[in-house]
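Please look over the sequence and the model first, and then read on.

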Amino acid sequence: ASRRWLLLALLCWIAQSIWTGDERWILSIKKEKGDEKYLEGFFFAVITHPDSFEQRHAARLSWIPRFTQRGAHYRFFVGGVNVNQSSLWKDAEYNDVVQLPFVESYANLSRKTEAAAAWASAAINSKYFVKIDDDVYPSISMFHHLLPILPERGLYLGKMIAHARAVHDDGQGKHRKWAIDRRLFSGDWYPPYAEGPLYILSNDAMHVLGRAYDPLQDDEDVFPSEDINTALILEQANIFPVSLSRDGKFLARSGPFFFRGPHSFMLSDHNGDRKAWGNESCTEDIVAYHSIPAEQMIRVGEAEDKFGLRGMIREICGNTPAQVIAP
């Protein structure tokens with residue numbers, strides 16, 4: 001009887017964790033660590049600009065072979081309408097650039113991610129879809145570490161942004177780059193979302209995002225903030241963003257006290273100034289780093305080849321990582 005009571009109590013605790021957003025809301029799924037192709041089923045949709053050959057090539061020389069050797073697949077995605085094809089001729093030998101049927105522009109980033117998900121749904125139908133910008137350096141060690149806790153459905157994992165105030169055009173052009181027309185979003189606060197440089201979707205979430213792509217959509221109806229657009233689309237399918245628990249061992253939902261997520265997940269700075277990382281340290285449990293320019297990305301790959309994870313972090317951050325996460 002006591003065993004039955006304990007089992008019942010355990011089941012109730014698990015159920016309560018799921019509904020209350022406790023950090024331990026997903027149980028670990030054991031996978032073979034000895035499998036060299038442990039990333040089979042991962043597809044990396046690398047968002048890039050036609051003129052960014054150096055950045056694409058740096059990725060090919062650094063992190064991409066490390067992931068493909070372990071079974072992952074990838075493609076670069078660019079807007080292909082009215083593009084100067086001479087910008088892409090150096091890429092021809094790699095046959096890894098997908099040209100999408102619209103003009104390349106910042107305003108079309110949402111459209112590009114939707115189209116990449118649609119392409120991957122039809123051509124690859126991967127188990128996991130990783131949206132990644134071309135100036136992001138992902139950690140192969142942390143992807144290995146993540147495997148036991150990734151669910152196969154309902155996954156939308158990244159660096160959590162919560163309680164972000166909506167930016168609306170003030171009529172004077174202020175904040176124009178990120179301003180949202182009230183016709184597209186009238187609220188004052190954005191829903192929780194995963195920051196755009198890198199996030200991971202399960203197969204079902206990838207299909208939801210891909211189905212949102214409409215090649216006939218009018219330009220004025222395209223939501224200009226790509227990462228928030230993804231959150232709004234997935235929200236309609238009851239798929240919500242999660243980040244990592246503070247120890248990096250469990251997935252954690254958004255909560256009222258998680259303004260930046262319980263785990264930093266990704267060190268991200270859009271201006272190339274490492275000081276913007278503030279008090280966040282380059283520990284070994286960071287999943288990805290942004291932004292890493294082409295020349296440095298090649299050096300990071302070389303350092304990782306020679307000295308492993310710690311060499312990678314020293315090259316990125318200039319310091320020795322303080323925390324060890326064993327894959």
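## Overall make-up

The protein has 8 helices and 11 strands, where helices (H or I, at least four residues) and strands (E, at least two) are DSSP runs, numbered from the N terminus. This is a predicted model, in which local features need pLDDT of at least 70 and side-chain atom pairs count only at pLDDT 80 or more, while totals for chains, interfaces and linings use all residues. Residues are numbered from 1 along each chain as its sequence is written, and side-chain values use heavy atoms, with hydrogens and water left out.

Of the 327 residues of the protein, 52% count as buried, a term for under 20% relative accessible area, with exposed meaning over 50% and partly exposed in between (1.4 Å probe, protein chains only). Among the contacts (heavy atoms within 4.5 Å) in the protein with a separation of 6 or more, 73% come from residues 24 or more positions apart.

## Helix H7 and its surroundings

Helix H7, which covers residues 226-235, is mostly covered, since 9 of its 10 residues are buried. Among them are Glu226, Asp227 and Asn229, as well as Ile228 and Leu232. The buried residues of H7 pack against H4, H6 and the strands E4 (128-133), E6 (156-161) and E7 (193-202).

## Helix H4 and its two partners

Two packed helices are described by the angle between their axes and the distance between the axes. H4 and H7 pack at an angle of about 50°, with their axes 8 Å apart; axes are lines fitted to C-alpha atoms, for helices over the stretch in contact, and angles run from 0 to 180 degrees between N-to-C directions. H4 and H7 are therefore oblique to each other, given that angles under 35 degrees count as roughly parallel, over 145 as roughly antiparallel, 65 to 115 as roughly perpendicular and the rest as oblique. The contact is made by Leu109, Ser110, Thr113 and Glu114 of H4 together with Glu226, Asn229, Thr230 and Ile233 of H7.

Helix H4 (residues 109-123) also packs with helix H6 (residues 203-211), at an angle of about 120° and with the axes 7 Å apart, which makes H4 oblique to H6. On the H4 side, Thr113, Glu114, Ala117, Ala118, Ala120 and Ser121 meet Met206, His207, Leu209 and Gly210 in H6.

## Arg253 in strand E9

Arg253 lies in strand E9, residues 251-253, and counts as partly exposed because its relative accessibility is 26%. The C-alpha atoms of Arg253 and Pro192 are separated by 9.8 Å, although the two residues are 61 residues apart along the chain.
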